[in-house]
Amino acid sequence: MKKEMVLIGKPSSFVVNAAQKGLENADIIVKRADVDVTKISEMKTDEDKVFMLYMVDEDDVKSDLLVYLNDIVMEGVHLHVVGNYTEVDDVKKIIKESNLVSMYERPVEIETLIKGLDRSFDMIEKEMIKKHILVVDDNAVSLRAMKQILSGKYKVSIVNSGVSAITFLTKHEVDLILLDYEMPVVSGPQVLEMIKEEPSIEAPPVMFLTSHNDVDSVKTALALKPVKYLLKSMPSAELMDTLEEYFANGNQ
């Protein structure tokens with residue numbers, strides 16, 4: 001695969017420009033972006049999987065930018081962050097450290113950045129051959145748990161609402177959706193109906209993964225013909241066996 005990344009930093013910064021040159025000398029294709037969320041979102045494509053935020057002063061720590069970066073990280077983007085101790089600490093207030101691929105404190109050697117980026121490129125190449133599962137749940141604890149359980153074997157993306165799921169699916173292809181039943185604004189059954197009716201989405205198979213085991217909920221869900229109706233209380237090993245059996249049978 002091509003080594004491509006988006007480098008976010010002030011166009012006038014000597015150190016950011018030097019970093020770009022060093023990365024390009026290592027045969028990494030660098031797309032430059034100013035520290036501006038609107039410009040970044042306009043130039044981002046689905047192929048942009050690796051980002052680096054290179055901060056040179058406190059003005060680069062913008063809350064709207066960090067919220068945007070956190071959103072795309074949750075969708076599977078690899079994010080590297082460069083800055084001084086205070087700047088990096090401010091980033092971690094919005095983006096969990098566990099969701100960052102690497103953090104570097106200035107000054108940092110270009111060789112160190114290259115090694116970190118190469119790790120991302122290797123991970124992405126391996127992820128490309130994995131089945132892609134989208135987990136939809138409004139509970140942050142459940143999302144983190146599912147990502148931890150599934151990530152060893154599958155490529156996992158997570159979203160915290162039905163609306164976010166629809167938006168995600170208009171831009172990304174997945175092999176399976178694990179869908180919560182009860183969510184605010186748009187429920188799981190409503191999400192499944194929207195997926196089936198949205199012409200821009202090639203509807204992927206859906207498994208409900210929920211804590212609801214009452215008769216009415218089960219009937220409502222099964223009427224929409226999901227692949228399976230699973231309970232969150234099931235052991236993680238049993239869930240993994242269910243998914244492995246599903247894909248082993250030639251699905252997707």
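Mentor: We'll talk through a helix, a histidine and some aromatic pairs in this predicted model.

Trainee: Let's start with α4. Which residues are buried there?

Mentor: In α4, which runs over residues 85-92, the buried ones are Glu 87, Val 88 and Val 91. They span an arc of only 95 degrees around the axis, so they sit on the same side of α4. Tyr 85 and Thr 86, on the other side, are exposed.

Trainee: And what covers the buried residues of α4?

Mentor: The cover includes β3 (50-54), α3 (63-74), β4 (78-83) and β5 (102-105).

Trainee: What happens at the start of α4?

Mentor: A side-chain oxygen of Asn 84 comes within 3.1 Å of the backbone nitrogen of Thr 86.

Trainee: New topic: His 172. Is that buried or exposed?

Mentor: His 172 counts as buried because its relative accessibility is 13%, and the cut-off is under 20%. The residue is in the loop between α7 (162-169) and β8 (176-179). Setting aside neighbours within four places in sequence, His 172 contacts Asp 46, Lys 49 and Glu 75.

Trainee: Nice. How many aromatic pairs are there?

Mentor: Four. In one of them, the ring centres of Tyr 154 and Phe 247 are 5.6 Å apart with planes at 45 degrees, so the pair is tilted. Tyr 154 is in the loop between α6 and β7, and Phe 247 is in α10, 93 residues apart.

Trainee: Are those two buried or exposed?

Mentor: Both Tyr 154 and Phe 247 are buried. Together with Tyr 246, they form one aromatic cluster.

Conventions:
Residues are numbered from 1 along each chain as its sequence is written. This is a predicted model: local features need pLDDT of at least 70, side-chain atom pairs count only at pLDDT 80 or more; totals for chains, interfaces and linings use all residues. Side-chain values use heavy atoms; hydrogens and water are left out. Buried means under 20% relative accessible area, exposed over 50%, partly exposed in between (1.4 Å probe, protein chains only). Helices (H or I, at least four residues) and strands (E, at least two) are DSSP runs, numbered from the N terminus. The arc is that of the directions from the helix axis to the C-beta atoms. Contact means heavy atoms within 4.5 Å. A polar contact is a pair of N or O atoms within 3.5 Å; within protein, one must be able to donate a hydrogen and the other to accept it, and residues adjacent in sequence count only if both atoms are side-chain atoms. Rings of Phe, Tyr and Trp (its six-membered ring) pair if their centres lie within 6.5 Å; planes under 30 degrees apart count as stacked, over 60 as edge-to-face and the rest as tilted.
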